[in-house]
Amino acid sequence: MKRTAIFLVAMAFISLQAFSQSRITIEECYQKAQDNYPAIEQYDLIEKSKSFNLENASKGYLPQITFSAKASYQSDVTKLPIDISQLGIGGFQVPELSKDQYGLTLDINQTIWDGGQIKTLKENIKSKADVQRKNLQVNIYSINARVNQIYFGILLADAQIKQNNLLKEYLHNSYNKVEAYVRNGIAHQADLDAIRIDQLKAEQNEIEYLSTRKAYIAMLSKLTGCDLTSETEFVRPDMIRPASNEVKRFELDLYKSQIQEYEIENRKITVDLYPKIGLFVTGGYGKPGLNMLENKFSTYYTAGVKLSWNIGSFYSLKNNRKLVRNNIDMVINQQKSFLFDLDMELIQKNIVLDKYFDQLKYDDEIISLKGSVREASEAKIAGGTISGTDLMQDVNAEHAAKQDKVLHEIQLLMVIYDLKYTTNNY
């Protein structure tokens with residue numbers, strides 16, 4: 001039993017180590033960052049809000065019930081302007097109403113036809129929720145740009161660390177060779193010191209690169225919600241130019257939804273012009289009842305069909321339609337401006353992309369030539385014709401050329417994925 005427990009703990013530790021040393025791609029970072037973003041919860045909140053509003057709108061078809069009660073005292077009451085005694089009618093007394101009056105009423109109204117008002121209200125609720133959803137989608141998509149900056153920052157640090165390690169290895173071997181030259185009297189201590197200075201600089205650079213990488217990994221871990229470590233492999237994408245510049249940004253869907261929302265508002269303006277037809281029933285108990293000449297508490301009811309028509313909607317009809325049309329035109333103008341700015345960005349990014357592709361054509365040849373110069377300097381220092389400082393200048397020139405190539409490659413990848421972000425073509 002004890003061996004089994006130890007085995008399970010060991011397997012868990014191995015699994016944990018395997019996770020910490022896992023690999024991740026930039027596409028996986030996009031998805032994880034979006035899933036981890038707190039605003040993602042708003043999708044459910046928008047749906048719940050839409051559901052509640054639709055349910056409330058549907059209740060407009062239910063009977064509307066109103067209960068009211070009142071008690072009043074008035075300075076005068078209705079009286080017949082006739083003196084019965086003068087008519088020669090005896091034994092008859094006209095009842096007189098009390099000045100204090102009371103009433104309880106219950107009104108029930110049932111809509112039969114509302115001209116499509118509730119239907120339009122439901123469409124409006126759905127369209128507003130759709131706009132909120134598309135707007136949220138736009139905001140969440142912007143996370144991809146942050147992922148690009150951090151992810152390629154890590155790749156650049158990785159490449160710099162790799163090149164720096166190669167330089168350290170070369171400097172170590174050069175130090176041993178020059179040290180032998182010093183012992184044999186071919187070189188001087190100053191030559192050895194020149195190499196040592198560059199070794200120390202390489203150590204400083206390593207600290208900077210590792211610190212930068214650590215900071216970027218911590219930021220990406222927070223952004224994606226993943227336990228990324230220094231052992232995680234960050235997969236380097238292929239340097240392939242995007243096949244298409246077709247724009248598939250979520251902003252275009254947002255503009256479309258906003259226009260649909262205004263079109264529904266335009267239909268609502270039309271619906272508000274129609275009359276409304278409904279049934280009504282009113283039941284009551286009070287003093288007096290419907291018979292105003294009977295001064296006592298009694299029950300009563302009335303029922304019928306009611307037509308209501310608010311013709312005041314016609315007064316503002318023309319301006320309301322112009323306002324909706326103006327709002328639609330504003331959205332269309334925003335869309336045109338967005339696409340115009342996007343086209344400008346695409347032109348600029350494609351030019352930059354061409355630049356980096358062209359630069360990379362020459363990097364390998366530059367590195368090769370600087371390597372040849374460095375090898376010649378190595379032969380010269382072995383012959384005692386140049387100093388260690390001269391050799392280090394050529395070594396650093398070759399190293400700088402390699403670092404330039406690394407930088408150009410990462411810059412090219414950044415522009416490729418920036419172009420993909422701009423068009424949403426992944």
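Is Tyr 141 buried or exposed? In this predicted model, Tyr 141 is buried, at a relative accessible area of 3% (buried is under 20%, exposed over 50% and partly exposed in between, with a 1.4 Å probe and protein chains only).

## Basis of the model

The model is predicted, with local features needing pLDDT of at least 70 and side-chain atom pairs pLDDT 80 or more, while totals for chains, interfaces and linings use all residues. Residues are numbered from 1 along each chain as its sequence is written, and side-chain values use heavy atoms, leaving out hydrogens and water.

## Aromatic pairs

The structure holds 11 aromatic pairs, counted for rings of Phe, Tyr and Trp (its six-membered ring) with centres within 6.5 Å; planes under 30 degrees apart are stacked, over 60 edge-to-face and the rest tilted. Among them is the edge-to-face pair of Tyr 141 and Phe 250, at 5.4 Å centre to centre and 75° between the planes. Because Tyr 141 belongs to helix 4 (residues 117–141) and Phe 250 to helix 7, this pair ties together parts that are 109 residues apart in sequence; helices are DSSP runs (H or I, at least four residues), numbered from the N terminus.

Tyr 151 and Phe 152, both buried, also pair edge-to-face, since their ring centres are 6.0 Å apart and their planes stand at 85°.

## Charges over rings

Lys 420 lies over the face of Tyr 417, 4.3 Å from the ring centre, and the charged end of Arg 249 sits over the ring of Tyr 421, 5.1 Å from its centre (NZ of Lys or CZ of Arg within 6 Å of the ring centre and within 35 degrees of the ring normal).

Terms used:
Helix = DSSP H or I, 4+ residues; strand = E, 2+ residues; numbered from the N terminus.
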